[in-house]
Amino acid sequence: MNPQDLKTIMGSGLLSFPLTDFDAEGNFDKKGYIERLEWLAPYGASALFAAGGTGEFFSLTADEYPDIIKTAVDTCRGKVPIIAGAGGPTRFAIQCAQAAERAGAHGILLLPHYLTEAGQEGLAAHVEAVCKSVKFGVIVYNRGQAKLMPETLAKLAERNPNLIGFKDGIGDIELMSSIFLTMGDRFAYLGGLPTAEVYAAAYKALGTPVYSSAVFNFIPKTAMQFYEAVRDDDMATQHRLLKDFFMPYLAIRNKGQGYAVSIVKAGAKIVGHGAGPVRAPLTDLKADEYAALEALIAKLGPQ
């Protein structure tokens, strides 16, 4: 798949980040991961992000990463495109990007470099080094310490034709508007705040009609229903689902730091598609939080 094909897919529908399956000891559970991807693939996501944020990229080792990406590509071949997460220090991000390309992934989402602050010049050098290390498409993720400004993105886009997408995980409306007005249709845009459904209508108004759904991991039918309501400007359905599910869901998620991933793993377990525990430093939901989520999911009916 060439970068422009990936750009087209980026703007064509709901995207999601499958969980990475771990066994009771916290090791990669390949069989469980295959079963998860086979379950999710038919529900209609336009692409799946293997080893992304919800897939706990930040806890994966260099040895297990290539196997996770190859497993996703092989399992979903002919069903749904796979975009791989890549990130961390520049040289490690390059290793991940090149491993993903060898495995047959259709592109990468370049996650933040983590921890250290960096100016625009350094951030640009980081992104450009990764872009130039591969031929397939790169989507950059504005989040945390990796906050790229419009003028930086414009220069990067000019020098790197395979930089085709922008995902926002910051939520700065002024910045997002400036980026969209600067870059126009040079990028495909993706809303990427945690529990993106809450912000979906607002981001659509900013020129970003597509987002990534974490809840697709355990309520795929409802996730697609909500996306279709956003696509069709069906505010009644959006408001109903926000009131009945998403806002109570956020109340549980906000009880613990790092719960944006933990609550998704809990949800998957509740619906019979458990992915094992989260890896440290994340922690799993407490018993009362799990019970509250279970009751909330039950109200949605079969998926």
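Select Tyr 141 to begin: in this predicted model the residue is buried, at a relative accessible area of 5%, where buried stands for under 20% relative accessible area with a 1.4 Å probe and protein chains only. Tyr 141 belongs to strand E5, residues 137-142, strands (E, at least two residues) and helices (H or I, at least four) being DSSP runs numbered from the N terminus. Residues are numbered from 1 along each chain as its sequence is written. Because the model is predicted, local features need pLDDT of at least 70 and side-chain atom pairs count only at pLDDT 80 or more, while totals for chains, interfaces and linings use all residues, and side-chain values use heavy atoms, with hydrogens and water left out.

Next, display what surrounds Tyr 141. Leaving aside neighbours within four places in sequence, Tyr 141 is in contact with residues including Leu 109, Pro 112, Ala 146, Lys 167, Asp 168 and Gly 192, contact meaning heavy atoms within 4.5 Å.

Beyond its neighbours within four places in sequence, Lys 167 is in contact with Phe 17, Ile 139, Tyr 141, Leu 190 and Ser 212, among others.

Keep Tyr 141 and Lys 167 selected together, since the UniProt annotation "active site", from an unreviewed entry, covers both; such annotations may be inferred rather than shown by experiment, and the positions follow the numbering used here, with feature names shortened. The two span 27 residues in sequence, yet no two of their C-alpha atoms are more than 4.7 Å apart, so they gather at one spot. From this set, Tyr 141 is part of the lining of the largest cavity, a cavity being a set of points, on a 1 Å grid over the protein atoms alone, where a 1.4 Å probe fits but cannot get out, and lining residues having an atom within 4 Å of a point.

Move on to Thr 208, in the loop between helix H8 (200-205) and strand E8 (212-213). Thr 208 is buried, with a relative accessible area of 1%, and, not counting residues up to four places away in sequence, touches Met 176, Tyr 189, Leu 190, Gly 191 and Tyr 203.

Finally, zoom out to the protein chain, which has twelve helices and eight strands. Along its principal axes the C-alpha trace spans about 50 × 45 × 40 Å, and buried residues make up 55% of the 303 residues.

Conventions:
On a 1 Å grid over the protein atoms alone, a cavity is a set of points where a 1.4 Å probe fits but cannot get out, and a pocket is an open set with protein on both sides within 12 Å along at least five of seven lines; lining residues have an atom within 4 Å of a point. Buried means under 20% relative accessible area, exposed over 50%, partly exposed in between (1.4 Å probe, protein chains only).
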